[in-house]
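Trainee: Could you walk me through this one before I start on my own notes?
Mentor: Gladly, have a look at it with me.

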Amino acid sequence: MPQLPAPAYPAEVLARLEADAKEVIARYPGSRSALLPLLHLVQSEEGYVSRTGMAFCADQLGLTTAEVTAVATFYTMYRRRPSGDYQVGVCTNTLCAVMGGDAIFDRLKDHLGVGNAETTDDGKVTLEHIECNAACDFAPVVMVNWEFFDNQTPESATRLVDDLIAGRTVEPTRGAPLCTYKETARILAGFPDERPGAVEASGGAGPASLAGLKLARGEAAPHARVVGQRGGAPQDAPQKGAEHLSSHARPSPDPHPSTSPFGAPDATQPTSASDPEHPAGPAAEEGE
């Protein structure tokens with residue numbers, strides 16, 4: 001059904017947002033490029049991108065509301081309905097899921113009494129599953145307002161949301177101190193984070209993230225092992241620099257090759273380059 005025009009912001013809110021929007025738009029040679037930060041700006045006002053917020057963005061940039069809506073509905077960081085003070089996202093992508101992400105998400109749904117993308121009655125917590133938090137080496141990972149809480153369990157995640165609801169101080173595993181979702185949205189709009197010490201807070205990569213880099217630099221632990229290619233035996237990790245990595249990692253002949261289900265030693269299947277009769281890819285029988 002057709003909707004009435006979106007209500008306007010109150011005069012004092014409109015004046016404040018217009019001043020902020022002017023600052024944001026001035027950063028870009030083309031005003032249209034300011035749409036993403038402007039959506040964060042209106043989200044910082046209401047906690048989500050409302051029809052009023054989209055109309056404001058359209059007016060500031062000379063766009064249609066349809067153009068703004070197309071962008072606001074594409075990116076998952078823009079909420080389309082009121083959200084809680086704390087957006088709790090549980091990674092349920094492959095690695096986090098097998099490490100316990102699904103169990104965490106199920107526990108939190110039961111504990112909070114909400115489903116995916118739903119908010120608790122007190123308006124404190126919105127729960128959602130996230131496809132990837134880009135922190136697989138700390139799986140399973142939970143994010144609160146885009147700050148990391150690594151290596152979680154159903155029990156630790158339950159304590160986390162209880163602390164958020166109770167108003168107790170919660171410290172992310174790494175990164176800046178936690179703030180509300182509206183405050184986070186304003187920072188994402190490109191405005192300074194004026195909290196003492198927030199900018200200096202860092203979230204550098206942990207040991208799991210740096211293991212491969214240290215190995216390549218020859219900084220691995222004395223007894224580290226390099227897993228060889230399929231059919232190759234593990235080799236001692238290099239200790240004197242990256243230039244030795246290839247020679248140490250090169251697999252040696254395997255005296256006990258693994259076998260396929262048909263009893264023959266494993267071998268690379270022919271591809272279009274090696275098997276002209278099967279240009280589409282690996283040769284395989286139907287159902288194999």
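Trainee: What kind of model is it, and how are residues numbered?
Mentor: It is a predicted model, where local features need pLDDT of at least 70 and side-chain atom pairs count only at pLDDT 80 or more, while totals for chains, interfaces and linings use all residues. Residues are numbered from 1 along each chain as its sequence is written, and side-chain values use heavy atoms, with hydrogens and water left out.

Trainee: How many helices and strands does the protein chain have?
Mentor: The protein chain has nine helices and seven strands, taken as DSSP runs numbered from the N terminus, with helices being H or I of at least four residues and strands E of at least two.

Trainee: And how much of the chain is buried?
Mentor: Of the 288 residues in the protein chain, 36% are buried, where buried means under 20% relative accessible area, exposed over 50% and partly exposed in between, with a 1.4 Å probe and protein chains only. As for contacts, meaning heavy atoms within 4.5 Å, 56% of those between residues at least 6 apart in sequence join residues at least 24 apart.

Trainee: Which residues line the largest cavity?
Mentor: Its lining consists of Arg-79, Gln-87, Gly-89, Glu-128, Ile-130, Met-143, Asn-145 and Trp-146, with strands S1 (86-91) and S3 each supplying at least two residues. By class there are three nonpolar, three polar and two charged residues, counting Ala, Val, Leu, Ile, Met, Phe, Trp, Tyr, Cys and Pro as nonpolar, Asp, Glu, Lys and Arg as charged, and the others, Gly among them, as polar.

Trainee: What about the second largest pocket, which residues lie nearest its centre?
Mentor: Those are Thr-76, Arg-79, Gln-87, Ala-117 and Glu-128, out of 17 lining residues, and the space in this pocket is about 320 Å³. Strand S3 (residues 125-130) gives the most to the lining, with four residues.

Trainee: Where does Leu-188 lie, and what does Leu-188 touch?
Mentor: Leu-188 lies in helix H7 (residues 181-188) and, not counting residues up to four places away in sequence, touches His-40, Met-77 and Trp-146. Leu-188 and His-40 are 148 residues apart in sequence, yet their C-alpha atoms are 6.3 Å apart.

Trainee: How many aromatic pairs are there?
Mentor: There are three, a pair being rings of Phe, Tyr and Trp (its six-membered ring) with centres within 6.5 Å, and planes under 30 degrees apart count as stacked, over 60 as edge-to-face and the rest as tilted. The rings of Tyr-9 and Phe-56 have centres 6.0 Å apart and planes at 75°, so this pair is edge-to-face. Tyr-9 lies in the segment before helix H1 (11-25) and Phe-56 in helix H3 (residues 51-61), so the pair ties together parts 47 residues apart in sequence.

Trainee: Now the cysteines: how many disulfides are found?
Mentor: Zero in the whole structure, with a disulfide being a pair of cysteine sulfur atoms within 2.5 Å. The sulfur of Cys-136 has its closest cysteine sulfur in Cys-132, at 4.6 Å, which is too far for a bond.

Trainee: Last topic, which peptide bond is cis?
Mentor: The one from Ala-139 to Pro-140, with omega near -5°, and Pro-140 lies in the loop between S3 and strand S4 (142-144).

Trainee: Is Asn-145 buried or exposed?
Mentor: Asn-145 is buried, at 1% relative accessibility, and has a positive phi near 50° although it is a residue other than glycine.

Notes:
On a 1 Å grid over the protein atoms alone, a cavity is a set of points where a 1.4 Å probe fits but cannot get out, and a pocket is an open set with protein on both sides within 12 Å along at least five of seven lines; lining residues have an atom within 4 Å of a point. Grid points are joined across faces, edges and corners, and a volume is the space filled by probe spheres set on the points.
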